[in-house]
Amino acid sequence: MKLENIQSMWKEDSVIDQIDLDKASLQTPSLHAKYLELLNEKRLSLKSYEVKYNQLLKTKWMWYTDKLSKDEIDDLGWSYDPFDGYNKPLKSDYSYYFNADKDLSDLKLKVEYLTECVDTLKEILNIITWRHQSIKNAIDWLKFTNPAG
């Protein structure tokens with residue numbers, strides 16, 4: 001599920017009906033379950049992509065440092081010269097190549113996107129955790145504004 005979908009669902013689910021506060025209160029556990037399930041799913045995806053990123057980083061490091069065999073490079077479909085004819089850089093400069101590498105950047109973007117999804121879902125769950133307080137405040141306000149009723 002995309003971040004946009006999560007945000008759209010939350011826009012609908014976050015509304016507390018001022019008229020039907022008891023129903024809103026009873027919805028809290030199901031909302032918690034719904035968003036906790038999404039959070040767990042995104043956390044597992046994030047872990048998976050972090051592992052893929054680290055594995056690819058290691059393979060790229062081996063490629064850049066000339067530790068892969070010709071057969072391994074052929075299997076990966078990569079060039080035999082990771083520096084495109086330029087002189088081999090100093091060890092301290094390898095980070096520039098890793099940061100600019102398209103394969104690593106693509107996986108890093110997926111990791112960052114999933115991290116944003118996880119952070120959003122954590123924030124939603126935090127709000128759901130304190131939803132009862134919002135409902136209580138609404139009830140107290142109704143009591144205050146309608147003292148006779």
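Which exposed residues does the face of α6 turned away from its buried side carry? They are Lys 143 and Phe 144; here exposed stands for over 50% relative accessible area, buried for under 20% and partly exposed for anything in between, with a 1.4 Å probe and protein chains only. The model is a predicted one, so local features need pLDDT of at least 70 and side-chain atom pairs count only at pLDDT 80 or more, while totals for chains, interfaces and linings use all residues. Residues are numbered from 1 along each chain as its sequence is written, and side-chain values use heavy atoms, with hydrogens and water left out.

Now for the overall picture. The protein chain has six helices and zero strands, counting as helices the DSSP runs of H or I with at least four residues and as strands the E runs with at least two, numbered from the N terminus. Along the sequence the pattern reads α-α-α-α-α-α. The C-alpha atoms fill a box of roughly 85 × 25 × 20 Å along the principal axes. The radius of gyration is 25 Å, whereas a compact globule of 149 residues would come out near 15 Å; the radius is taken over C-alpha atoms, and the globule rule is 2.2 Å times the number of residues to the power 0.38. Buried residues make up 28% of the 149 residues.

The buried residues of α6 are Arg 131, Ile 135 and Ala 138. Seen down the axis, they fall within an arc of 55°, so they line one face of the helix (the arc is that of the directions from the helix axis to the C-beta atoms). Their cover includes α1 (3-13), α2 (21-64) and α5 (102-129).

What about α1? Its buried residues are Leu 3, Ile 6, Trp 10 and Asp 13. These cover an arc of only 90° around the axis, which puts them on the same side of α1. Lys 11 and Glu 12 are exposed on the face turned away from that buried side. The cover over the buried residues of α1 includes α2, α5 and α6.

Next come the cores, each a set of buried Ala, Val, Leu, Ile, Met, Phe, Trp, Tyr and Cys residues joined through side-chain atoms within 4.5 Å. In the largest nonpolar core, of 14 residues, Tyr 35, Leu 121, Ile 124 and Ile 128 touch the most other members. At least two residues of this core come from each of α1, α2 and α5, and α5 gives the largest share, seven residues. Neighbours within four places in sequence aside, Tyr 35 is in contact (heavy atoms within 4.5 Å) with Met 9, Trp 10, Asp 13, Leu 121, Ile 124, Leu 125 and Ile 128. Apart from this core lies another, of twelve residues, including Tyr 53, Tyr 64, Phe 83 and Phe 98.

Finally, Asp 101 sits in the loop between α4 (94-100) and α5. Asp 101 counts as buried because its relative accessibility is 7%. Not counting residues up to four places away in sequence, Asp 101 touches Lys 60, Trp 63 and Tyr 64.
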